[in-house]
Amino acid sequence: MFEAACDALPGFEVQAYGGDGDAVPRWFVGYWPTENTAVVSHEGTDPTQFLSLLNDAEADLTTLDSTLFPGLSSSIEVHDGFATAQAASATAVLAAVKAVFSAKGISSVTLAGHSLGSAISSIDAIYLKLNLPSSTTFKSVLHGTPRVGNQAFADYMDANFSDYTRITHNLDPIPIVPGRFLGYVHASGEDHIESDNSWEHCDGQDNTSTECSTGAVPNIFDGNIVDHLGPYNGIWIGTLYC
């Protein structure tokens, strides 16, 4: 399955994959020779069901497991469902990344994901940073990312990941949930695709310009869930696509 999905990247090598698409979202780790990097990615979910979950006023924040995240400040909190999903595959993902590093003699990780998958990959970035050599470099390219954690989480991401991009599309409502009134804050790094397919870089955390997601979609009723699927540079992302 993953081999077929990766045909668009010539030479891509799948190292490991797992998950059941239910309790444990599917994931894969591989090697991308063109960029000489290990790649970590997690699958998304049905956007209509996901929106209902994220818009729940009981979207609780929780600290991350100190066993998986040694030395991480307890002030950093993330959505409890995202934390549970990330923990379910964490050790397997780490082992696979280490295997790629060993086999290829590299020290670079690229994280990808869409929707729920992008939230898990955001938490994975912290997990891998804390559990891989300090020389490891990280790049994240995420699509349709919901808010993942609190202010301390957003500040940590800004301070530790300079190459972090989250791409939002037009009136997609997923990036504006869970709500800021619940204590959630986006990290910096947004690039927003507008209705005419022009791109705008959005400085800072939760930029409220109407050319950015937070400003363009003031509430979920002004959003269009179809925009969550794309297109992103002409590519549609979701169960029916890739």
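A residue is called buried when its relative accessible area is under 20%, exposed when over 50%, and partly exposed in between (1.4 Å probe, protein chains only). Aspartate 206, at 6% relative accessibility, counts as buried by this rule. The model is predicted, and local features need pLDDT of at least 70, side-chain atom pairs count only at pLDDT 80 or more, and totals for chains, interfaces and linings use all residues. Residues are numbered from 1 along each chain as its sequence is written, and side-chain values use heavy atoms, with hydrogens and water left out.

Side chains of opposite charge can pair when their charged atoms come close. A salt bridge is defined here as a side-chain nitrogen of Lys or Arg within 4 Å of a carboxyl oxygen of Asp or Glu. The structure holds four salt bridges. One of them joins the side chains of aspartate 206 and arginine 147, at 3.0 Å from N to O. Aspartate 206 lies in the loop between β10 (199-202) and α6 (213-216) and arginine 147 in the loop between β7 (137-143) and α5 (151-160), so the pair ties together parts that are 59 residues apart in sequence. Helices (H or I, at least four residues) and strands (E, at least two) are DSSP runs, numbered from the N terminus. Arginine 147 is buried, with a relative accessible area of 3%.

Glutamate 190 and arginine 166 also meet through their side chains in a salt bridge, at 3.8 Å from N to O. This pair links distant parts of the chain, with glutamate 190 in strand β9 (residues 190-193) and arginine 166 in strand β8 (residues 164-169), 24 residues apart. Glutamate 190 is buried at 1% relative accessibility, and arginine 166 is buried with a relative accessible area of 1%.

A further salt bridge is formed by the side chains of arginine 26 and glutamate 43, at 3.9 Å from N to O. Arginine 26 lies in the loop between β1 (13-18) and β2 (27-32) and glutamate 43 in the loop between β3 (37-42) and α2 (47-54), so the pair ties together parts that are 17 residues apart in sequence. Arginine 26 is partly exposed at 30% relative accessibility, as is glutamate 43 at 27%.

Lysine 129 lies over the face of phenylalanine 161, at 5.9 Å from the ring centre. A charge sits over a ring if NZ of Lys or CZ of Arg is within 6 Å of the ring centre and within 35 degrees of the ring normal.
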